[in-house]
Amino acid sequence: MNNVKPKFVRVGLRKRGVSTRLKLRWDKSPRTCAAVVKRLPIENQVWHAKYANNEVYTLVPMFSEDPKGEWRCLYPGPGDLMYLPIETGFFLPPDAPPMDLSRGLVDVAYFYERGNNLAGPSGTALGNIFATATSIEEVESMSEACSDVWFSGATEEKLYILLE
């Protein structure tokens, strides 16, 4: 069996044709990295955050192994990729996958600019940063596309996360 841990993921917006390479942070969030890597690839409908500010995300069923709190953050920065467990009672976007009432959902969120705050009307949504940016230029390109999701809409757009 191959025990080599992957070092990078690529996060992108399929329809807009933009992506960025991120370093998996095994040093800070080993359980989260392991849980996410088992689930890759991920490709689902993207939504733009309503309260957190500069965030695009997708929703997936709760992982079989919830890594709980590791490298937790309330104010993520540009190029951070986070695992955010969502419990029942949080606001969900239209057409979100069904909520497992006993386990919740996972918000896999990419933050593309500064000024983010994960405290909203449903409470604080602490999550684990599990990957960080490797290229300022790619983060800037991704930022333009993510802003376009906010201003032009997310119809038929998919957020993907792949091993690289």
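These legends walk through close-up views of a predicted model.

Residues are numbered from 1 along each chain as its sequence is written, and side-chain values use heavy atoms, with hydrogens and water left out. Because the model is predicted, local features need pLDDT of at least 70 and side-chain atom pairs count only at pLDDT 80 or more, while totals for chains, interfaces and linings use all residues.

**View 1. The largest nonpolar core.** A nonpolar core is a set of buried Ala, Val, Leu, Ile, Met, Phe, Trp, Tyr and Cys residues joined through side-chain atoms within 4.5 Å; buried means under 20% relative accessible area, with a 1.4 Å probe and protein chains only. The largest such core holds 34 residues, and Val9, Val11, Leu13, Leu81, Tyr110 and Phe130 touch the most other members. Its largest share, 5 residues, comes from helix H2 (residues 136-152). Helices (H or I, at least four residues) and strands (E, at least two) are DSSP runs, numbered from the N terminus. Another core, of 15 residues, lies apart from it and includes Tyr57, Met82, Leu84 and Leu105.

**View 2. Phe130 and its contacts.** Contact means heavy atoms within 4.5 Å. Leaving aside neighbours within four places in sequence, the residues in contact with Phe130 include Lys23, Leu24, Arg25, Leu81, Met82, Tyr83 and Val108.

**View 3. Helix H2.** H2 has 17 residues and reaches 24 Å from its first C-alpha to its last, close to the 24 Å expected at 1.5 Å a residue; the expected span is 1.5 Å times one less than the number of residues. Its buried residues are Val139, Met142, Ser143, Ala145, Cys146 and Val149. They pack against strand S1 (8-13), strand S2 (18-24), S4, S5, strand S8 (105-111) and S11. Gly153 follows H2, with a positive phi near 110 degrees.

**View 4. The largest pocket.** On a 1 Å grid over the protein atoms alone, a pocket is an open set of points where a 1.4 Å probe fits, with protein on both sides within 12 Å along at least five of seven lines; lining residues have an atom within 4 Å of a point. The largest pocket contains about 640 Å³ of space. Of its 30 lining residues, Ala49, Lys50, Tyr51, Tyr57 and Phe91 lie nearest its centre. Elements giving two or more residues to this lining include strand S5 (55-61), strand S7 (81-86) and H2.

**View 5. The second largest pocket.** This pocket has a volume of about 290 Å³. It is lined by 17 residues, with Asp66, Arg72, Pro85, Glu87 and Leu126 closest to its centre. S7 gives the most to this lining, with 3 residues.

Methods. Buried means under 20% relative accessible area, exposed over 50%, partly exposed in between (1.4 Å probe, protein chains only). Grid points are joined across faces, edges and corners, and a volume is the space filled by probe spheres set on the points.
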